[in-house]
Amino acid sequence: MIRRVYASRTVLVKYSYLYSRRAQTNFIRSYTTYERQPALINSTDMEKPDESKYIFLTEGRATVLYENENQVFYNPVQQFNRDLSTCAIRAWSELYADKKTAAKRNQRKKRKLRNDKQNIPAIANLQTQEEVEALEDGGGEGAPSTAETVSEPKADECGASENGAQAKQNERKQTPFITILEALSATGLRAIRYGAEIPLVKAVVANDFSPAAVKAIERNIAYNDSASGVVTAFHGDANAVMYSHKTKPFHVIDLDPYGTATPFIDAAVQAVVDGGLLLITCTDLSILAGTGYPEKCFTNYGGMTCRTEFSHESALRLVLSSISSAAARYGKAIEPLLSLSIDFYVRVFVRVRNSPIQAKLLASQTMLTYTCSGCGSTSYQPLGRVSINEDGSQKHSFAQGPPVSSHCDHCGFVHHLGGPMWAGPLHNKDFIDRVQKIAETLDPEIYKTIPRINGMLTLAKEELDDPFYFTAAHVSSTMRCSCPPMTTMTSALLNAGYKVSPTHAVPGAIKTNASWAVIWDILREWIKTNPVKEDNIKEHSPAHKLLERREPGFPVDFTMHPEANPPSRRIKVARYPQNPPNWGPKARAKGDKPFNNHKIQRPGSDPIPNAPKAWENEDENRDVNAKKQKTT
């Protein structure tokens, strides 16, 4: 009965809230086989929508229909996000399939070795050394020769068997197996694109809590023939869907909410398979990268942002820290494959593994930051320490700190504390290479953001794993001197033996493994030929303290270094393209509220027919109550 209720889809909202939740859970558990079959809302049985009532929008290999009213959230600016996500899931699916194939191959080899050992007679039962040697040579009387017992296969039979095994292996590779959950689907565009554009996808669940969004998803699935039998529309709470799939997890979970994704992270890390992929977007950069709401940032992400110019990278590290801490509670560890700060949001691609040993490294992969309020110098403090013993085992101990004094050693100002946040790498270079290879094979007429994808991935691949970046404009402004060219600054760092790289987050920024003392010494050498105006330097400013020592602590060489220009700049990829008009975030959708056509009844009771909607009468009840208060 429950399945019929959910398959009809029209009766779902007529049941009470509690009863519908119970039925919803039972339905999700029953739909864990994920056979390649028609969706629960069968698009073939639905009538094609009247095209005159809708506006058509084609993106990738999917077309969605939406009305003029803003009933369902859709943002065309995020086509780059969807194109990149499609390439990333394809890259991950190839790596996942290769790993599973290698694991099965190793299991077959071990099984064969084990069977071979069981077929060999026990040498311990032989009486003489001659019999042992005869057995080893294969010519003893007590041991039949190999030639007598095992017939050599013919060459044609060997070739046929090898070709058959190879064909069978290729067939297994081409068999779709990936299950994807788009927990906050809105129009269903992303889910339909996943089902149509990713070869190894077996089933995609497009879930949303809004009835208007679910209707739009069903309409779009019916219109797109490529989504029939692959994409399923579902009406439910995102956390309830994910929690109910703890025993039958998804391979990929995509979270793209309006605002923060933290309410869904705990459920997501439990509902993904071992080695699965999480794709998470957070659009609340005013909290993550701004300094106006530190208490809200700590409430959402368990850490404080930094009051400095690298706030977009600290936003990424705060999101990764929130994911890693949620995963570690269940003995899971994360590996960031790609972490990007894009326009008005951050997007992270994270692989989750079931590994209690790796989860114990969380403290050493988490750090606090000490940022000077005057000059902006930053130091890092890991929360844990890991040492490797002689036998290869790990020893976890307490970290030593703090790395700075109460006041900055460079300018004397106080420090601001940031974090805790992720201290490990942001990207996996091998994964980025795989994504780029896939992007090169796509049709630029269909995937219109390929140039930007290639440019941003190239920048991400060049980035150093060292935390944070700085800009020459910011440090020269602190020193009250003219700004040196970027190649001059990078050449001085490279000539001193340090590593440098650009960053995808901010144009003109520099990442380096050099200390801040080296950076200030380079500027001290720079002002010898580009003097500052002493009248512009106030007595208690950071520049006054920095310029008390005019001589650098090491010989600075500004000679142009061959690697001063990064490869991404030499090959002239689209590194920082201009944003299109009206590129910012859209307003929240104005669709009807979820479960708004019934009153909550007892479990199992029938809803009141034609019951008034409580939220519709909210304003009227408020006016009546106000009049009563005035009369009394």
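Guide: A disulfide is counted here when two cysteine sulfur atoms lie within 2.5 Å of each other. The model is predicted, with local features needing pLDDT of at least 70 and side-chain atom pairs pLDDT 80 or more, while totals for chains, interfaces and linings use all residues. Residues are numbered from 1 along each chain as its sequence is written, and side-chain values use heavy atoms, without hydrogens and water.

Visitor: How many disulfides does a search of the whole structure find?

Guide: The sulfur of C411 is 3.2 Å from the closest cysteine sulfur, in C372, which is too far for a bond. C411 is buried at 6% relative accessible area (buried is under 20%, exposed over 50%, partly exposed in between; 1.4 Å probe, protein chains only). C282 is also buried, at 1%. For the whole structure, the number of disulfides found is zero.

Visitor: How far apart in space are L277 and I253, C-alpha to C-alpha?

Guide: L277 belongs to strand 7, residues 272-282 (strands, E, have at least two residues and helices, H or I, at least four; both are DSSP runs numbered from the N terminus). L277 is buried, with 0% relative accessibility. L277 and I253 are 24 residues apart in sequence, and their C-alpha distance is 6.6 Å.

Visitor: Which residue forms a salt bridge with R434?

Guide: A salt bridge needs a side-chain nitrogen of Lys or Arg within 4 Å of a carboxyl oxygen of Asp or Glu. The closest N and O atoms of the R434 pair are 3.9 Å apart, and the partner is D98. R434 lies in helix 15 (residues 429-440) and its partner in helix 3, so the pair ties together parts 336 residues apart in sequence. R434 is partly exposed at 24%, as is, at 36%, D98.

Visitor: Is the salt-bridged pair R190 and D256 buried or exposed?

Guide: The side chains of R190 and D256 meet at 2.5 Å, N to O. The pair links distant parts of the chain, 66 residues apart, with R190 in helix 7 (residues 189-197) and D256 in the loop between strand 6 (250-255) and helix 10 (262-270). Both R190 and D256 are buried.

Visitor: Which strand holds E335, the salt-bridge partner of R353?

Guide: The closest N and O atoms of R353 and E335 are 2.9 Å apart. R353, in strand 9 (residues 345-354), is 18 residues from E335 in sequence, and E335 lies in strand 8.

Visitor: How many salt bridges are there by this rule?

Guide: Some share partners, joining E59, R82, D83, R193 and E197 into one network. The count of salt bridges is 23.
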